[in-house]
Structure formats: C-alpha cells, structure tokens
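Subject: Structure handover

Hello,

Here is the structure I said I would pass on. My notes follow below it.

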Amino acid sequence: MEARPGAAAPERYWRFNLALICLGALIGAFAASCITVPLQQVASDLHTSTGLASASVIVYLLVLSGLFLFFGKLGDVWGYRRVFLFGTALFALGSLLCGCAGTVNQLIIFRIIEAVGATMGAAVITPFVTCHVPEAWHGRGFAYLSGAAVLGVVLGPTLGVAIAGMLSWRWIFFALVPVGIAIIAAGWFTLPAGEGTSKGRTFDLLGACLFSCATLALVLAISSVNVFGITSLITAGLAIFTFAFWTLAIVYESATEDPAFEISLFRDRHFTNANISFFLMKLVINGPVFLFPFYLNLVLGYSYALTSLIVIVPAAVMLLATPGVGLLTDRFSARTLCVIGASGSAAVYLFFAGFTQEITLITAVIALIILGLARGVFLVPNTKIVMDHSPADMKGAASGVMKALGNTGIILGIVIFQIAFSETLIAAEAVGQLHDPFAVPMPALAGGFQAAFFLAAGLSLVAVVFAWHARDAPAETAPEGN
C-alpha cells in the first residue's frame with residue numbers, strides 16, 4: 001500500500017486515531033439498536049407489519065455474526081487502514097440508502113449493506129490498537145473501544161426514539177452519514193498506512209465464504225431453538241446443515257496454504273484458553289440479561305419503570321469504569337484481572353441464586369453494580385491476552401475469531417438460559433395447562449430463575465479455570481509507526 005499524506009510520522013496522531021476508531025465502534029453499535037424502539041413508525045411509514053420491519057434489525061445482527069472471520073483476515077492481507085476506511089464508507093452509504101428506503105424490502109437490503117460496512121470496521125479496530133497504539137496504552141485502548149461499543153448500544157434506542165419523535169425514523173440513518181464522512185476524511189490523513197502484514201499474503205475468498213456461511217448457519221441453528229424448539233425438524237435440519245458446512249470448511253482450509261480461518265492460532269494454549277473463557281463469559285453476560293426484567297418484575301415485584309432503570313445498571317457501571325479498567329490492565333497482570341472478573345460474576349449469580357426471593361432493592365442494585373464491574377474487569381484484559389498471543393501477521397484473524405465467538409456466545413446464551421428457565425418450570429409440573437410460562441405459582445417461578453442463576457454461576461466458575469490457564473504474554477517493545 002502506498003503511503004498517504006501524513007504517513008511519515010503517524011505516532012503524532014495515535015491519540016486522535018484511537019478516538020477516531022472509537023467513534024467508528026460507537027456508530028456501528030448504535031446502528032444495531034437504533035430502530036428497535038421506533039419500529040412501529042418504520043412499519044407504518046413503509047406500509048408493512050412490525051414483524052417484517054423487525055427483520056431489518058435481525059439481518060444487521062446476522063451479518064455481524066457471520067462476517068467477522070472474513071473481514072478480520074482481510075485486514076491482515078489488505079491492511080487495517082484500508083479495510084476500516086472502506087468499511088466506514090460502505091456503512092455511510094448503507095445508512096444513506098436506509099434513510100431513503102421506499103419499501104421494507106429495500107430497507108432490509110440496505111441494512112445488509114450498512115451492516116457489512118460496520119463489520120469491516122469492527123473487525124480491524126482491535127488489531128489496530130495492538131499495532132498502532134503504544135504498548136503501555138493497549139489496555140486503555142481496548143477499554144475505550146469496549147466503552148464506545150457499550151455507549152453505542154445504550155444510546156441507540158434512546159436517541160433513536162428521540163430523533164424519530166422530533167423528525168422521522170429516516171433521520172436516524174441520515175444522522176450517521178456525516179459522522180461516517182467525517183471519520184473517512186480525518187482518517188485518510190492520520191491513520192497509518194499498512195502494518196507490515198500484507199507482504200506475500202493472499203486472501204482465500206472461497207475459504208472465507210465457507211466459514212462465513214458456516215458461522216451464519218450456526219447462528220441460525222441456535223436462534224431456531226427459540227423459535228421452533230430444540231426438537232423441531234427445522235432446528236435439526238439447520239444443525240445438520242451447520243455441521244456439513246463446518247466440516248467442508250475445515251477440510252478445505254486444512255489443505256490451503258494461506259487459509260481464511262487461521263486454525264493455527266489455537267495451537268497457542270493461552271490464546272485458546274482466553275477465547276474459551278471469553279465465550280463462556282459472553283454466555284453469562286448476555287443470557288441472564290434476557291431474564292432479568294422478568295425476574296425483577298415478577299419475582300421481586302418492581303414496577304416496569306423501575307425495572308427498566310435497574311437492568312441498565314451493569315452496562316452503565318461498565319461504561320463508567322472503562323478508564324479505570326484500562327489503566328488497571330496496563331499496570332497489572334491481565335490474567336489476574338480476568339480471574340477476578342469471572343470470579344465476581346460467579347459470586348453475584350450465586351447471590352441471586354441463594355436469595356432469589358429475599359433480595360431487597362438496595363442489595364439488587366449493589367449486586368448489579370458489582371456485576372458491571374466484573375464484566376469490565378474481565379473483558380478488557382481478556383482482549384489483551386488474546387491479541388498478545390496472536391502472531392503479528394494474524395492480529396486481524398485473531399480479532400475476527402474473538403468477535404465471532406463473542407457474538408455466537410451472545411445468541412447461544414439467550415437460548416441456553418431460556419431453556420434452563422423453562423425446563424425447570426416444566427420439570428416442576430408448574431405450567432400444567434398454562435400456555436404462558438410466567439403465569440405460574442411464585443415458588444415454581446422463582447425456581448426457574450434460581451436454576452438460571454446457578455447455571456450462570458457455574459459457567460462463570462468454568463471461565464475462571466480457563467482464565468487462570470491463559471497466561472500473560474511477555475512484554476514487547478512498543479510498535480513503531482510506519
């Protein structure tokens with residue numbers, strides 16, 4: 001890649017570039033949730049049902065899940081700057097087209113374009129920190145990226161409904177266009193060109209497509225459990241289809257000299273252990289969140305308004321703790337912090353499991369504050385361990401693997417904890433002839449939540465074990481600007 005203006009001394013701009021890619025992470029996460037609340041307005045304007053309009057939200061998440069492996073490796077071959085800027089341009093174009101959509105089918109197609117751009121950017125921002133931010137700031141860099149993504153998810157529904165109320169749902173997307181253009185304009189002059197990883201590398205397009213399809217099939221198979229049930233023929237068919245795709249992709253990649261999916265990354269046991277603990281924590285971070293609103297309302301008896309405030313406590317605490325967690329990651333052992341974070345998660349869920357019906361408002365809020373801190377203390381240093389244990393020419397591939405595992409964990413977590421809750425009620429013969437699993441006697445209902453909390457605690461403890469076996473990598477010299 002040829003140098004662009006400003007490439008001679010990129011170290012002067014690393015703080016600005018870090019802020020720039022954080023802004024990219026924020027708008028990508030914002031777009032994922034920005035129309036979840038004003039869906040009724042979208043459906044009414046496009047003369048369709050709310051259910052069909054919600055497909056525009058679902059396809060965005062499916063694209064994110066299916067293409068991380070693809071674009072992570074592409075960043076290693078093309079360079080992170082090129083993939084990030086091209087992805088941001090595609091995101092801005094997709095946002096513009098979404099705002100102009102005349103039918104729901106057009107909106108869905110344009111949302112796919114927007115999501116592809118967002119995935120391109122998200123896949124390479126983590127390795128960008130590793131390569132272009134001073135080593136002493138890696139922890140803070142990862143923390144700011146994580147905080148930006150959390151802020152985007154939190155702001156999405158809030159700003160989305162505000163903009164839709166004052167103007168129109170279309171302006172939610174139009175507002176993203178100038179932000180994307182500003183990122184491209186600034187990044188063109190300040191983002192460093194090339195990481196020294198693309199020389200002699202080729203991109204295995206067929207392998208990337210196979211693994212992307214395999215990942216997408218896995219996500220669909222997991223999601224179908226919620227919709228059709230674990231014993232349905234559709235779920236079984238998707239499971240067989242997923243197995244066939246993964247088998248084909250692995251066989252093909254094992255015979256490829258420069259594969260799209262770098263299986264060799266998992267030869268490093270610390271990389272593997274860190275990713276397993278990350279996957280497990282994603283399960284327990286997102287799965288119980290699906291049940292918490294019902295637990296707070298039906299078991300503890302809080303109003304819907306109060307419940308809506310309480311459930312955002314962990315995310316808000318994690319966001320506020322971002323600078324401190326990043327600083328801790330730069331100063332102390334990342335492995336130790338991961339173990340503390342996963343242990344804190346286990347402790348909180350054991351507390352909810354042990355005192356399911358006797359928890360007061362104050363203790364519930366305190367427990368959720370600790371849970372938010374535990375999440376931040378785990379996720380940021382875990383990211384550092386994963387990236388530190390990946391070769392210099394595979395940072396993008398490592399990031400793609402981690403993000404793909406994380407998204408799969410989010411979806412699988414919701415399914416697993418819903419099943420744990422429902423099956424506990426059925427085993428207790430609490431549902432009887434009732435079609436609504438929440439319209440059951442309180443003891444049985446509390447037992448369902450208790451089972452889910454014990455499961456979350458158990459998975460957190462397993463994550464502790466894997467986190468303990470994921471050692472810190474030896475310190476390296478700070479990356480030099482090219």
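Arg15 lies over the face of Trp137, with 5.8 Å to the ring centre. Arg140 also sits over the face of Trp137, at 4.1 Å from the ring centre. Please keep in mind throughout that this is a predicted model.

Trp14 and Trp137 form an edge-to-face pair, 5.2 Å centre to centre and with 65° between the planes. Trp14 belongs to helix α1, while Trp137 is in the loop between α6 (104-132) and α7 (138-166), so this pair ties together parts that are 123 residues apart in sequence.

Helix α1 itself covers residues 14-33, which is 20 residues. From its first C-alpha to its last it reaches 29 Å, close to the 28 Å expected at 1.5 Å a residue. Of those 20 residues, 16 are buried, and α1 is therefore described as mostly covered.

The structure holds 16 aromatic pairs. Phe352 is in helix α16 (residues 334-354) and Phe453 in helix α19 (residues 442-468), so the pair ties together parts that are 101 residues apart in sequence. Phe352 counts as buried at 0% relative accessibility, and Phe453 counts as buried at 3%. Both belong to a cluster linked by ring pairs, whose members are Phe292, Tyr295, Tyr349, Phe351, Phe352, Phe355, Phe449 and Phe453.

For the chain overall, the secondary structure comes to 19 helices and zero strands. The chain has 482 residues, and 54% of them count as buried. Among contacts with a separation of 6 or more, 85% are between residues 24 or more positions apart. The accessible surface is about 20,100 Å², and 72% of that belongs to carbon and sulfur atoms.

On the cysteines: a search of the whole structure finds zero disulfides. Cys34 is in no disulfide, since the nearest cysteine sulfur, that of Cys98, is 8.4 Å away and a disulfide needs the two sulfur atoms within 2.5 Å. Cys34 counts as buried, at 0% relative accessibility. Cys338 is also buried, at 1% relative accessibility.

Three further residues may be worth a look when you open the model.

Gly287 is in helix α12 (residues 269-299). It is buried, with a relative accessible area of 0%. Leaving aside residues up to four places away in sequence, Gly287 touches Lys282, Gly413, Ile414 and Phe417. The C-alpha of Gly287 is 8.3 Å from that of Ala456, and these two residues are 169 residues apart along the chain.

Tyr304 is in helix α13 (residues 304-310). In contrast to Gly287, which is buried, Tyr304 is exposed, with a relative accessible area of 68%. Tyr304 and Pro293 are 11 residues apart in sequence, and their C-alpha atoms are 8.2 Å apart in space.

His47 lies in the loop between α2 (39-45) and α3 (50-53). Its phi is near 55°, a positive value in a residue other than glycine. At 74% relative accessibility, His47 counts as exposed.

That is what I have for now.

Regards

Terms used: Residues numbered from 1 in each chain as written. Predicted model: local features only at pLDDT ≥ 70, side-chain atom pairs only at ≥ 80, totals over all residues. Heavy atoms only, no water. Helix = DSSP H or I, 4+ residues; strand = E, 2+ residues; numbered from the N terminus. Buried < 20%, exposed > 50% of the residue type's maximum accessible area, 1.4 Å probe, protein only. Contact = heavy atoms within 4.5 Å. Areas by Shrake-Rupley, 256 points an atom, 1.4 Å probe, with all protein chains shown as cover. Expected span 1.5 Å × (residues − 1). Phe/Tyr/Trp six-rings, centres within 6.5 Å; stacked < 30°, edge-to-face > 60°. Lys NZ or Arg CZ within 6 Å of the ring centre and 35° of its normal.
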